[in-house]
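Thank you all for coming.

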Amino acid sequence: IPALAELYPRLLDLVALGTLADLMPLTDENRILVRQGLRVLNSTTRKGLRELMFLKNLLGKRIGTTDISWQLSPSINATGRLGRPDTAVRLLLAEEPEGLKALAEEVDSLNKERKKLGDTVWSRILPKTKKILEDLKGNMVVVSDDGIHRGITGIIASRLSNTLKVPAVVVSHFDGKAVGSVRCDPPFNVRHFLSNFEELLIDYGGHDCAGGFSMPEENFPRFEQLVRAFAQGMEPLAVKEERLLIDAELPKAYMRPELIKVQERFEPYGEGNPPLVFLARGMKILQADPIGRKEVVHLKLLLEMGDHKWPAVYWNAAPRLGRDFSLGDRVDVAFRLGRNYYNNAETLQLTVLDLNPPELVELVETTDARSDE
């Protein structure tokens, strides 16, 4: 039997994938394992994983947590959500090159199907949620729909909770069972919430902010009745004050390409360890181009500070152009810094979080709050 120190390093790419896919906090040993796992992943010899990375245009670039969270893990997770987990397992375990391209394309196709299912359900249920929210006194939203695939209840619940800022319960019905997911933000506790109905449930589980459950179909009307009573009797959750946390305000001399080394020293970023946020004052807007696929909602910017020009994206900010700021203005910019890969070329790019942010910002002591070890 190989020693643990010899065996486990070869598995750390899978450890990183699983930790990020399950949205585990990147603190303590999780952070160490993911950091080491990213090194393994960037030179992985797993043929199936490399084929999927090639399909996602990730081969040859420096893969970070964002690439895993937005491209690799959703595709792998989609196979389980749609009842085909064996497809991902065969891809990850494949030793021979034959059939790998078809397997990777199948995994990617299942993810596209999952997205299409989610978009279709979202478009159908969102208009109904206003009345549901009013009926439950604005405390919760509960959606039950025979057309929701059981594999996407968690995705829809998370999207509802993030959009409406309340706990969300989404239930699917199939094979004589009602199966659902709950998503929320603290201080609402999902496990405690579900424990109120455990006599009706076959099983339930999860953690503070996310959970799932199942029950016989005949128990669902009673469950729905009790959940409505629970929601209507809840004390309204306190609305969290949105604050933009700034890790460092940068003088002009620090706005140089070498800043990326500081940004990357504190990786990996994710749950419990968000990317560094910087503030630079007096950047000049040299270009501002509205962008968007279906509708123009985002901005592509070129900002200048000192001797350097910085490409930037500002999501959902197109309506602000010409109203809150204009071409040629000098603005204070709160941003994150990252690498952008396009047409096999790498450039540094700012992701703007706010321009001319209000006083509702907070400067945090990065050196006290984080460690690069």
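This is a predicted model: local features need pLDDT of at least 70, side-chain atom pairs count only at pLDDT 80 or more; totals for chains, interfaces and linings use all residues.

Where is the place of Asp28? Asp28 sits in helix H3, and here, as elsewhere in this talk, helices (H or I, at least four residues) and strands (E, at least two) are DSSP runs, numbered from the N terminus.

Residues are numbered from 1 along each chain as its sequence is written, and side-chain values use heavy atoms, with hydrogens and water left out.

As background, most residues other than glycine have a negative phi, and most peptide bonds are trans.

One joins Pro186 and Pro187, with omega about 10 degrees, and Pro187 is found in the loop between strand S3 (177–183) and H9. Another joins Glu267 and Pro268, with omega about 5 degrees, and Pro268 has its place in the loop between H11 and S8.

Now to the chain as a whole. Its secondary structure comes to 12 helices and 13 strands, and of its 373 residues 42% count as buried. Along its principal axes, the C-alpha trace spans about 70 × 55 × 40 Å. A compact globule with 373 residues would have a radius of gyration near 21 Å, and the chain has 23 Å, which agrees; the radius is taken over C-alpha atoms, and the globule rule is 2.2 Å times the number of residues to the power 0.38. If we take contact to mean heavy atoms within 4.5 Å, then residues 24 or more positions apart account for 61% of the contacts in the chain with a separation of 6 or more.

Next, helix H5, residues 65–81, which bends by about 40 degrees at Ser73, with a proline, Pro74, following within four residues. The bend at a residue is the angle between axes fitted to the seven residues ending there and the seven starting there. Buried residues in H5 include Thr65, Ile68, Leu72, Ser73 and Pro74. What do the buried residues of H5 pack against? Their partners are helix H2 (12–21), helix H3 (28–41), helix H4 (47–55), helix H6 (85–93) and helix H7 (100–135). After H5 comes Gly83, whose phi is positive, near 75 degrees.

Let me turn to the interior. A nonpolar core is a set of buried Ala, Val, Leu, Ile, Met, Phe, Trp, Tyr and Cys residues joined through side-chain atoms within 4.5 Å. The largest such core has 30 residues, and those with the most contacts inside it are Met255, Met283, Leu303 and Phe335. Among the elements that each supply at least two residues of this core are helix H11 (259–265), strand S8 (278–291) and strand S11 (330–342), and the largest share, five residues, comes from S8. Leaving aside residues up to four places away in sequence, Met283 touches, among others, Met255, Leu303, Trp310 and Leu350.

Finally, the cysteines. How many disulfides does the structure hold? There are zero, a disulfide being a pair of cysteine sulfur atoms within 2.5 Å. Cys184 is in no disulfide, and its nearest cysteine sulfur, that of Cys209, is 5.0 Å away. Cys184 counts as buried, at 5% relative accessibility, whereas Cys209 counts as partly exposed, at 23%.

Terms used:
Buried means under 20% relative accessible area, exposed over 50%, partly exposed in between (1.4 Å probe, protein chains only).
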